[in-house]
Amino acid sequence: EDARFMQRLLISTLEKDGHETIAFENGEDAAQAAKHAEADLFILDLVMPQRDGISALRMLKDDASTAKTPAILLTSRGHRVTAEEVKASGADTFLTKPFSPSALRREVQRLIRKS
């Protein structure tokens, strides 16, 4: 997530629930770092500098060490994404900004339990 306020919202919401977080402001750094982290879940913004969320996620899904990690794709109302695009990217679901912290919590819990 490249928007600071959204990044802070994501971090504070997830850390209040006891999750450890690592945040990046561009898709390239996120995709590279994720290959070396043992993440339970990826949350990627659709629009990011250097590598968009779909491209970063495809890179992660092509890597054996991160291929099975569930993912949430974030999109703003101005950047509509279809269910087909989400599925093709490898994301398990998407949230449209602005979203409520409770919606984020529900999806995170559901995907972590499922994996």
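Reply: Start with a definition: the expected span of a helix is 1.5 Å times one less than its number of residues. Keep in mind that this is a predicted model. Now take helix α5, residues 101–114.

Next, ask which residues of α5 are buried. They are Ala-103, Leu-104, Glu-107, Val-108 and Leu-111. These residues cover an arc of only 130° around the axis, so they sit on the same side of α5. An α-helix has 3.6 residues a turn, so residues three or four places apart point the same way. Now turn to the other side of α5. Arg-106 and Arg-113 are exposed there.

What do the buried residues of α5 pack against? Their partners are helix α1 (4–16) and the strands β1 (42–45), β2 (71–76) and β3 (93–97).

Those strands deserve a look of their own. The 3 strands form an open sheet, ordered β1-β2-β3, with parallel pairing. β1 and β3 are at the edges with a single partner strand each, so one side of each has no neighbour in the sheet. From one strand to the next, the twist averages 25°. Look at one pair in detail. β2 and β3 are joined in the parallel sense over 5 bridges. Thr-75 has Thr-96, in β3, as its bridge partner. Another helix, α3 (residues 53–61), also packs on this sheet. α3 touches β1 and β2, and its direction makes about 150° with that of β1.

The loop between β3 and α5 contains Pro-98. The peptide bond from Lys-97 to Pro-98 is cis, with omega near -5°.

Gln-50 has a phi near 70°, a positive value in a residue other than glycine. Where does Gln-50 lie? Gln-50 is in the loop between β1 and α3. Is Gln-50 buried or exposed? Its relative accessibility is 64%, and exposed means over 50%, so Gln-50 counts as exposed.

To recap, α5 has its buried residues on the same side, and those residues pack against α1, β1, β2 and β3. On the other side, Arg-106 and Arg-113 are exposed.

Definitions and conventions: Residues numbered from 1 in each chain as written. Predicted model: local features only at pLDDT ≥ 70, side-chain atom pairs only at ≥ 80, totals over all residues. Heavy atoms only, no water. Helix = DSSP H or I, 4+ residues; strand = E, 2+ residues; numbered from the N terminus. Buried < 20%, exposed > 50% of the residue type's maximum accessible area, 1.4 Å probe, protein only. Arc of directions from axis to C-beta. Contact = heavy atoms within 4.5 Å. Pairing = 2+ DSSP bridges. Axes fitted to C-alpha atoms, helices over the stretch in contact; angles between N-to-C directions.
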